[in-house]
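Subject: Structure handover

Hi,

Here is the structure you are taking over. My notes follow below it.

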Amino acid sequence: MTALRRIESRIVPAEGFRSLEVAVKVTELGAVHELIREAVDGLTPAQLDRQPAPGRNSAGMLLAHVAMVEVHLGQVGLLGEPDGRVEQVLGVGADDDGMRLEPGGAPTPAIAGRDLEFFLDLLARAAHHTRRACERLTDTDLATDIVRPPRPDGSQRVFDRRYVLFHMVEHASLHMGQPRTLRRSL
Amino acid sequence: MKAVTNRIVLPRGRRATEVASFFAQLDELSGRMVEDVRGATPAELAWQSKRGHNTIGMLLLHIAIVEAFWTLVAEERFSPAALRRALGVDLDDDGMPLPPAGLPPAALRGRTLAWYTNVLRRARAFARRRTARFTRADLDRVITRTRRNGERVRQNIRWILYHVLEHQAGHYGQVLLLRHHYADRRRAR
């Protein structure tokens, strides 16, 4: 008789944070990263580069995008820095994901042809950065507004840190679902 | 100057702040998803990019079913009949997972966006109502159950809340992808 498979899933707030709510979100983000790693497990550089159509995102672009957005949000949304310094953390620039692609566009030279290890390293760096950005946050910080400088189009973004943490989890989850669909077409 | 404001504001009247925060986040996510599927016709909702692949309609129904399913699991009250009472559909009506080369469920053919958004609204109202009594201590509670395939599964309620949000966002991303593919296909004609 084969032994029954047992599956355990828990969100246990990570230690080392001043706020339970922040600890929960960091743990959730770690769980989403794990799902992303599962979704792309075993993909070759050619598969990571493959676009369903010219101008459409590849799995590699999506992975880079998740890492870049997470670092950018950590810097401007959690730490309240005036500008993102994505390249200092990831070694690739904030626009190197190539998104949004022009019609007919292809992955940028910075990420084209890269292997899975490269993209997983970007995710690991982003996770480390997020953890550091969250460690000192308190519950009070979560409801504090971040007011961004005016944009060239005349608009101005205002958000609280609770929204930023939600957006990090939701954004990574949203793009996690896309490589799953893309790999079914490989 | 146009100000674009995004805040997660915790609704009052919940026993646990964390549960209140979860619903505020989930509502934000759903609001965005409903906005992004606006204008999808029954033909687009039923379009399959390839045999065996999910349609947008299947994904939307799946999101609603899963939200109600996990709410019942968290209450330790899941039964197929309880899910049907909550949503008016059955657990397998989304057709997922489709077998290789499978077609979408015939019962979804011709369904409108209004039908799907109504099921999504029912699922949210159900989940909101049934989790209102959860306390912070409940979130650490571990639910143990046996799946239809015999697997033993243990999950805490905090994971269930996280999973409902992550699950919806993941499939929302796939809905966006399918909308792009559908538009590409139409342009290529």
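How many bridges join E1(A) to strand E3 of chain B? Four, and the two strands run parallel. Strand E3 of chain B spans residues 152–156.

First, the ground rules. This is a predicted model: local features need pLDDT of at least 70, side-chain atom pairs count only at pLDDT 80 or more, and totals for chains, interfaces and linings use all residues. Residues are numbered from 1 along each chain as its sequence is written, while chains are lettered from A and ligands numbered from 1 in the order in which they are written.

Three strands form an open sheet, in the order E1(A)-E3(B)-E2(B), with mixed pairing. Strands (E, at least two residues) and helices (H or I, at least four) are DSSP runs, numbered from the N terminus. Two strands pair if DSSP finds at least two bridges between them. Strand E1 (6–9) of chain A and strand E2 (142–146) of chain B stand at the edges with a single partner strand each, so one side of each has no neighbour in the sheet. On average, neighbouring strands are turned by 15° against each other, direction ignored. Axes here are lines fitted to C-alpha atoms, for helices over the stretch in contact; angles run from 0 to 180 degrees between N-to-C directions.

Helix H6 (residues 157–188) of chain B packs on this sheet. H6 touches E1 of chain A together with E2 and E3 of chain B. Its direction makes about 90° with that of E3(B).

Now the pairs. Glu8(A) has Arg154(B) as its bridge partner in E3(B). Arg6(A) has Arg152(B). On the chain B side, E2(B) and E3(B) pair in the antiparallel sense over five bridges. There, Thr144(B) stands opposite Arg154(B). The hairpin of E2(B) and E3(B) has five residues between the strands, and Gly150(B) takes a positive phi near 95° in it.

The contact between chains

The contact takes 37 residues from chain A and 36 residues from chain B. Two residues are in contact if their C-beta atoms, placed from the backbone, lie within 7 Å. On the side of chain B that touches chain A, the elements giving two or more residues are strand E1 (2–6), helix H1 (17–36), E3 and H6 of chain B. H6(B) gives the most, with 15 residues. By type, that side divides into twelve nonpolar, 14 polar and ten charged residues. Ala, Val, Leu, Ile, Met, Phe, Trp, Tyr, Cys and Pro count as nonpolar, Asp, Glu, Lys and Arg as charged, and the others, Gly among them, as polar.

The core

The largest nonpolar core has 93 residues. Such a core is a set of buried Ala, Val, Leu, Ile, Met, Phe, Trp, Tyr and Cys residues joined through C-beta atoms within 7 Å. Buried means 20 or more other C-beta atoms within 10 Å of the residue's own. Leu63(A), Ala67(A), Ala64(B), Ala68(B) and Leu165(B) touch the most other members. Helix H3 (residues 59–78) of chain A supplies the largest share, 13 residues.

Chain A overall

Chain A has seven helices and three strands. Buried residues make up 44% of its 186 residues.

Best wishes

Note on methods: A residue is buried if 20 or more other C-beta atoms lie within 10 Å of its own, exposed if 12 or fewer, and partly exposed in between; C-beta atoms are placed from the backbone.
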